[in-house]
Every structure is written in C-alpha cells, then in structure tokens.
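Take a look at the model below. This report covers the ligand site first, then the open pockets.

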Amino acid sequence: MLYAIKANILHFPKTTLVPEENYEYFENGILVIENDKIKAVGHENAILPHFPNIRVIDESGKLLVPGFIDTHLHFPQTEMIASYGEQLLEWLENYTFPTERKFEQPEYARFIADKFLNQLWSNGTTTALAYSTVHKCSAEALFEKALSKNMLMITGKTCMDRHCPDWLQDTAEQADTETRELIDKWHNHGRLKYAITPRFAPTSTVEQLQRLGNIVNDHSDVFIQTHLSENKDEIEWVKSLYPECIDYLHVYEQFGLVNERTVFGHCIHLEDHTWERLGELQSIIAFCPRSNLFLGSGLFEIAKAEEYKVPVTLASDVGAGDSFSMLRTQGEAYKVCQLQHIKLHPFKGLYMMTQGSAHALSLDHSIGNLNPGTHADFTLLDPHFNALSTLRMTSRANTPDDTLFALSMLSDERTIAGTWIAGSPVYQRPNLGDN
Ligand code: GUN
Ligand code: ZN
C-alpha cells in the first residue's frame, strides 16, 4: 500500500542539543507512506514528481509531526485522573491502590487498556512507557491491545512486595518469575518492548530489587522504569529504609537497576552528586510537569539536567498528571521553566517528546522522526481547531514555532485531527463545525 499526505511537516531528523536550529520544516510538504513505513518526506515539488499517480490525502494547512512519545504514565490510573486534595503518599493510599486493585480481573484490565489507548491516540501519542499494575494480566491486556495495532508500546508488571496493602502485593519470587515470563512472551514481539518495573524503592524488599537486578543481567536490552526523588516525604522515607546509601539513586544502583535504559520519573529534589551520577550513567529522566504541579511535588530543574548532560524526556504521568495531552504537558513544562526564569523553546518541547525521547530510548531508527525507513507513526495537528485558535493563528505571523507554542497553551481534544500508527489511522477526529 502506497499513499501520501500533504500538510505542513515538522520534525527533527537527527539528534541535537539545539532543536531550535536543527529542525526540518516543509510548508506544503508531502509524506509518502508505504505499508507500515515512511518512504519519503519533503516539499511537494521535490517529492511528487517521483510518485506519479500516487493517492494524496490533502490536509493542507494542518501541521504533521511525529507521533508523541510519553515516557512515563500509569495505564490503570486512567479512571482516577484528577482526584482531589492529596500529595504523593496519601494520594497513593487513598486513590491509587484501591483503583489498581480492580485490575486483578483480566476483563477489567482489557476494558481500561482499550480506554487508555484511545486516550493516547486522540491526543497524538503513538508510543508510551506505561506502568501496569502488580497483576500480570494487566500488562498482558495492554500488550495484546497494542499488538493489534502494531504499536510500539513499552510496559511492565509493577513489582511491589511491601509497604502497600496486602491485597496489592506480589512477592520477590513472584515478581521474578512473572517478570521473566512476560519478557519471554512479549519483549520484541512485534514492536512491543518490556520494562522491568519496581514501583519505587519503598515498596520493594531488598530481595525483590536484587532479583530484578538479576533479570537486567540476563536481558540487557529490556528497559527499566521507576520513580526517583519526587516528593520530600518520600525521600525521607527512603533515607530511613536505606540509611547506608549515599542517596536515593544509590538504592537502585546497588542492585544493578541503573543504566542508560533506565527511565526515572520526576527527579525533583536531587543533590549535585546525584545529578553527576545520572550524567555518568546516562540514565533518562521523565519530566512530568503536570504531575509535579498537581501533587505539589516541586519544580523540575531542567538547567541541572543540561549542566550534567542527563537526557530529559517529557511525560504526562497520568493519573497524577491531569491530562493525556503531550502538547498541554509541553505548555506546563514551559510554565515550570518560567518560574525558574528559563525560556523553554517550543521546538525543545517538541523535541523532548519526539526525537529526543526516541534517541534517549535508542529507538530513533523506528520512532521520533519522519525519516524514510522509520515506522509511519505520526499525528496531524489542526491549528484552527476553534474560534480562539483561528484568531490567534491568523492575526499573527505564524511561524511553525509560534504555531506550536500557541497549540501547547491552547489545544484541546479538537487539535488532533488524526493519528496514524505503522501507516494506518488509529484515530480520526469527528467533523468540526466552522471556526
Ligand atoms: N511513586 C510511586 N508510585 C507512584 C505513582 O503511581 N505515581 C506517582 N506520581 N508517583 C509514584
Ligand atoms: Zn509515575
């Protein structure tokens, strides 16, 4: 199957420290798709002569970008998004654990996996690094649904064998066995990938973390995802559980759980020596601005990450994050930076949820950009999705960075006109009235 889409096309074809200078933008661009991959990208005058008679879907005026990558969120928390009044530890007790209990039922896990994927796609997200619950069947439910669309989804069964309700615990041995079974069945099956997932240091015993570290030794290409230094009470708790460790990071490092495939959610309250170590080990940070504001956790210090050369990716952290929209997450990242007198360029924001994340995860041969040969995972943004956005876009010089910036502040579910995964549409916006 060969077809093309005409739109304004924006992406970062390669890895860069200055996305604001290294983007590629084609006004009246053409993206050629052959089966599940991108065949060509460029200006219509350069591309169309090579593909006579190709079917062109005309989306002129819309902005086509690579599908967004959300590097940290919790699929079982979809239904408890926007739950009132608590900071991290009470929020976990009062809302999260009771909700996650429901996923012991495979039928329920499949029901929410469906809702979750539809939320991702209708927000332009085509790859996610998602936590499942402690129940093996929850990870299976998400893998099965993602596989049916040939999606690059990364998840793992959450491991937690202490300091949480009995009815939501596994054991060290069960975490070990089930994680290995899931890796054998799902990792690299189609485009799926596995992430070893200890929830966070306080909810795993030493034995559990040791066993998970052994799995990393046996499977060097799986991902690892967990939380690090999100909330001050959490950090004090970790100190009391591991008084011998120099910092929170060291708890994970001593068990072999810290490498360049580890994605740490949050990293709000870090000392310089921890930043330095993260830079040495090239572990990846998931910056979750909406969650950090929602739970009152604190402000992520992007300047430190840059100083110590730690890769930073952008993430929603639903359900502590209060939106599935990566565009609106970028908008909130901008505000978190503003509070520190730092200007987050809109291209840097987009980079942190496309090519930057893909490169950090060593997946940029497949996702994150629109280079020929990569998978055709992309989304189509409509800058004229309502009366206000139309007014904003038409009354000011609209360069692609200005358009993107305004969308990161104003967008809602009408902004996403369509989302494609592996060359096929997975979401198409219902028709809008006139704006
Ligand atoms: N720390 C441990 N578990 C969680 C979780 O589910 N969400 C957030 N934001 N932080 C956590
Ligand atoms: Zn989280």
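## Contacts with ligand 1

Which polar side-chain atom lies 2.9 Å from a nitrogen atom of ligand 1? In this predicted model, that atom belongs to D317. The protein covers 100% of the 280 Å² of accessible area that ligand 1 has on its own.

Two further side chains make polar contacts. An N or O atom in the side chain of E230 is 2.7 Å from a nitrogen atom of ligand 1. For H227, the distance from a polar side-chain atom to a ligand nitrogen atom is 3.5 Å.

## The space around the ligand

Ligand 1 takes up the largest cavity. Residues around the ligand include H74, W91, R199 and F200. Sorted by class, this shell has 5 nonpolar, 4 polar and 3 charged residues. Helix α2, residues 88–101, gives the most to the shell, with 3 residues.

## The largest pocket

The largest pocket holds about 520 Å³ of space. Its lining counts 18 residues, and T16, L17, V310, P311 and V312 are the closest to its centre. Helices α11, α13 and α14 each supply at least two lining residues. By class, the lining has 10 nonpolar, 5 polar and 3 charged residues.

## The second largest pocket

About 310 Å³ of space lies in the second largest pocket. Here 19 residues form the lining, with I235, K239, D247, Y248 and E271 nearest the centre. Helix α7 gives the largest share of that lining, 5 residues. The lining has 10 nonpolar, 4 polar and 5 charged residues.

Methods. Residues numbered from 1 in each chain as written. Chains lettered and ligands numbered in written order. Predicted model: local features only at pLDDT ≥ 70, side-chain atom pairs only at ≥ 80, totals over all residues. Heavy atoms only, no water. Near = heavy atom within 4 Å. Polar contact = N/O pair within 3.5 Å; in protein donor to acceptor, adjacent residues only side chain to side chain. Areas by Shrake-Rupley, 256 points an atom, 1.4 Å probe, with all protein chains shown as cover. 1 Å grid on protein atoms, 1.4 Å probe; cavity = no way out; pocket = protein on both sides within 12 Å on 5 of 7 lines; lining within 4 Å. Sits in = over half its atoms within 2 Å of the grid points. Helix = DSSP H or I, 4+ residues; strand = E, 2+ residues; numbered from the N terminus. Nonpolar A, V, L, I, M, F, W, Y, C, P; charged D, E, K, R; others polar. Points joined across faces, edges and corners; volume = space filled by probe spheres on them.
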